[in-house]
Amino acid sequence: MRRPRMLRALAAACCVVAAALLGVTAAAAQAPKKPPVKVTVNDFYFAPTAVTIKKGRAVKWVWSSYNTYPHDVHLKQGPKALKNKSRFSTTTTAVTDAHFQRTFEVPGTYKFICTVHPSEMKMTVIVKK
Ligand SMILES: [Cu+2]
């Protein structure tokens, strides 16, 4: 009579492990990583000029292949809690064939400009909790 009880206990332990594994899979399936929001960098505008995302999501700036002028992405103003603000600016300009992607973990309002065309090229990213 000892053996079946042990087998039952073993089977139960296996179920617990299986459930835990399934739980991990289910949780991953419930929260798929959303693709980055695309913003195009054009002569002489960002499109769209306003993006609202939930924290944890990324924005990807993609330079248009039609551009004939250089542009960059520069964070002019960000949330107070944001550290390492320079991470949200490109270090060089590009005309075409460039992209710049950043994930936004700190909620708040982010104001971007192109430093080559600061009066024309502006955009905002709003990050919600
Ligand atoms: Cu520009």
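Guide: Burial is read by counting neighbours: a residue is buried if 20 or more other C-beta atoms lie within 10 Å of its own, exposed if 12 or fewer, and partly exposed in between, with C-beta atoms placed from the backbone. Here, buried residues make up 15% of the 129 residues in the protein. This is a predicted model, in which local features need pLDDT of at least 70 and side-chain atom pairs count only at pLDDT 80 or more, while totals for chains, interfaces and linings use all residues. Residues are numbered from 1 along each chain as its sequence is written.

Visitor: What is the order of the strands in the open sheet?

Guide: Strands of a sheet pair through backbone hydrogen bonds, either parallel or antiparallel. For two strands to count as paired, DSSP must find at least two bridges between them. The open sheet here has four strands in the order 2-1-4-6, with mixed pairing. Strand 2 (45-47) and strand 6 (99-103) each have a single partner strand and stand at the edges, so one side of each is left without a neighbour in the sheet. Strand 1 (residues 37-42) and strand 4 (residues 58-63) run parallel and are joined by five bridges; in strand 4, Trp61 is the bridge partner of Val39.

Visitor: Is Thr40 buried, exposed or partly exposed, and what does Thr40 touch?

Guide: Thr40, which lies in strand 1, counts as partly exposed because it has 16 C-beta neighbours inside 10 Å. Contact requires that two residues have C-beta atoms, placed from the backbone, within 7 Å. Not counting residues up to four places away in sequence, Thr40 touches Ala47, Val62 and Ser64.

Visitor: Which residues touch the most other members of the largest nonpolar core?

Guide: A nonpolar core is a set of buried Ala, Val, Leu, Ile, Met, Phe, Trp, Tyr and Cys residues joined through C-beta atoms within 7 Å. The largest one has 16 residues, of which Phe112 and Val125 touch the most other members. Strand 1, strand 4, strand 7 (108-113) and strand 8 (122-128) are the elements that give two or more residues to this core. Leaving aside neighbours within four places in sequence, the contacts of Phe112 include Val73, Leu75, Met123 and Val125.
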